[in-house]
Amino acid sequence: MAKIVEYINPITGAPEQVDQLDHTAQEIDDAVGRSLPGAAIDASIQSKPNPNLLDNWYFGNPANQRGQTEYNTMNYAIDRWRTWDSPASTWLKIVDGGVQIAYACYQFFEQYIYKALIGKKVTISILFADGKLFYKSFDVSKSAEAWYSVIVDYGGVSRVVLGVNPSNTADNGSNFFRIQSSTPGTLSDTILAIKLELGSQQTLAHQDESGNWVPNEIPDYGEQLARCQRYFRREKNNTTSRLAFGIGLPLSTAYLVMNKQIGRPMRAYPAVSVSAASDFLYCSSTLSSGVAATAVARGGVFVPNDIVAINLSGTFTVGTPYIVAVEPGGYMDFNAEI
């Protein structure tokens with residue numbers, strides 16, 4: 001609705017009354033662009049979408065540093081999403097247009113996010129690749145532990161659940177975001193996107209002229225990947241040649257230390273694992289002269305969490321620097337997941 005406001009005409013100097021609209025011209029243009037069948041206006045979006053509190057939420061092009069198209073163990077799969085619970089031949093599968101899940105898939109947040117939700121109105125929404133949307137809003141309790149569920153019962157997905165425990169936001173058993181399939185071991189239909197946001201309206205999707213729900217935005221892949229790499233980062237040799245990985249200096253005849261710069265600081269000082277110790281070599285002159293390490297492990301701690309000390313075991317000459325190389329396909333994982 002419009003309201004009447006008074007202003008001073010800059011030409012005549014006299015007071016005048018005008019109608020002031022509730023929305024800007026851009027907001028009206030945006031709403032018209034999202035008109036529904038029958039000339040109705042999509043009231044669920046009146047401006048740009050709210051920020052999504054989930055990482056890696058657009059499954060049409062997910063960050064997937066581990067590089068598999070199917071995940072069949074109870075562990076992290078695509079970035080920031082962890083499979084869980086009952087065994088299945090495939091826990092999560094990347095397909096054209098999204099992902100499918102076969103039981104439960106979790107995302108855990110840092111405590112400050114759970115604390116920001118306490119006492120607030122939040123909205124959860126899930127969008128399938130076939131254009132079906134389910135969403136619901138909740139008031140998050142200020143004191144009581146609760147699980148807030150969007151009942152889906154469609155496309156092989158049972159529900160989407162947010163757990164918040166105001167008295168202990170560090171407990172992953174009571175603080176989580178979960179997508180749960182209907183039948184354990186059976187892959188769901190394809191999920192395109194999912195959202196957790198503050199407020200009482202969903203801003204994940206709008207309806208097109210055919211009445212199908214489509215995303216309001218496609219997130220920038222690089223920005224999503226950068227967010228995910230705060231929790232997990234894989235440094236991999238994706239070429240067909242041996243590549244230099246860093247420079248190490250022996251502290252004894254049995255091991256050397258390499259300080260590895262990994263870019264932006266991670267959430268915490270990461271655990272380190274490798275494809276295989278033999279994929280990492282120490283070279284006194286050229287890369288072709290490399291000798292395979294017998295073990296690779298994380299060394300000391302640096303702050304901020306963007307430099308990691310890596311110890312390589314082998315036989316070394318103290319005082320001689322070595323090039324550390326990695327074989328084709330070899331990788332090192334830096335893991336600071338919650």
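Is Arg-80 buried or exposed? Arg-80 is buried, at a relative accessible area of 1%. Keep in mind that what you're looking at is a predicted model. The protein chain carries three helices and 25 strands, and 44% of its 338 residues count as buried. Here's a quick tour, from the chain as a whole down to a few charged side chains.

**The chain overall**

- Among contacts in the protein chain with a separation of 6 or more, 62% are between residues 24 or more positions apart.
- The chain exposes about 16,100 Å², and carbon and sulfur atoms supply 51% of that area.

- Searching the whole structure turns up twelve salt bridges.
- One of them pairs Arg-80 with Asp-55, with 2.9 Å between the closest N and O atoms.
- That pair ties together distant parts of the chain, 25 residues apart: Arg-80 sits in the loop between β3 (70–71) and β4 (82–84), while Asp-55 sits in the loop between α1 (25–33) and β3.
- Asp-55 is buried because its relative accessibility is 7%, and the cut-off for buried is under 20%. Arg-80, at 1%, is buried as well.

**Salt bridges: Lys-195 with Glu-197**

- Lys-195 and Glu-197 meet through their side chains in a salt bridge, at 3.9 Å from N to O.
- Glu-197 is buried, with a relative accessible area of 0%, and Lys-195 is buried too, at 1%.
- Elsewhere, salt bridges with shared partners join Asp-55, Arg-66, Arg-80, Glu-223, Arg-227 and Glu-337 into one network. So the buried Arg-80 belongs to that network.

**Salt bridges: Lys-121 with Asp-139**

- Lys-121 forms a salt bridge with Asp-139, and the closest N and O atoms are 3.3 Å apart.
- This pair also links distant parts of the chain, 18 residues apart, with Lys-121 in strand β8 (residues 121–128) and Asp-139 in strand β9 (residues 133–139).
- Asp-139 is exposed, with a relative accessible area of 53%, whereas Lys-121 is partly exposed at 34%.

- Strand β12 (residues 176–181) is where you'll find Arg-178.
- Arg-178 is buried, and its relative accessible area is 10%.
- Its side chain makes a polar contact with the side chain of Tyr-106, at 2.8 Å.
- Setting aside neighbours within four places in sequence, Arg-178 is in contact with Ala-104, Cys-105, Tyr-106, Trp-147, Arg-159, Val-160 and Val-161.

**A three-stranded sheet**

- Three strands make up an open sheet, ordered β16-β25-β19, with antiparallel pairing.
- At its edges are β16 (232–236) and β19 (271–274), each of which pairs on one side only.
- On average, neighbouring strands in this sheet are turned by 15° against each other, ignoring direction.
- β16 pairs with strand β25 (residues 331–335) in the antiparallel sense over five bridges.
- If you want a spot to look at, the bridge partner of Lys-236 is Tyr-331, in β25.

Conventions
Residues numbered from 1 in each chain as written. Predicted model: local features only at pLDDT ≥ 70, side-chain atom pairs only at ≥ 80, totals over all residues. Heavy atoms only, no water. Helix = DSSP H or I, 4+ residues; strand = E, 2+ residues; numbered from the N terminus. Buried < 20%, exposed > 50% of the residue type's maximum accessible area, 1.4 Å probe, protein only. Polar contact = N/O pair within 3.5 Å; in protein donor to acceptor, adjacent residues only side chain to side chain. Contact = heavy atoms within 4.5 Å. Salt bridge = Lys/Arg side-chain N within 4 Å of Asp/Glu carboxyl O. Areas by Shrake-Rupley, 256 points an atom, 1.4 Å probe, with all protein chains shown as cover. Pairing = 2+ DSSP bridges. Axes fitted to C-alpha atoms, helices over the stretch in contact; angles between N-to-C directions.
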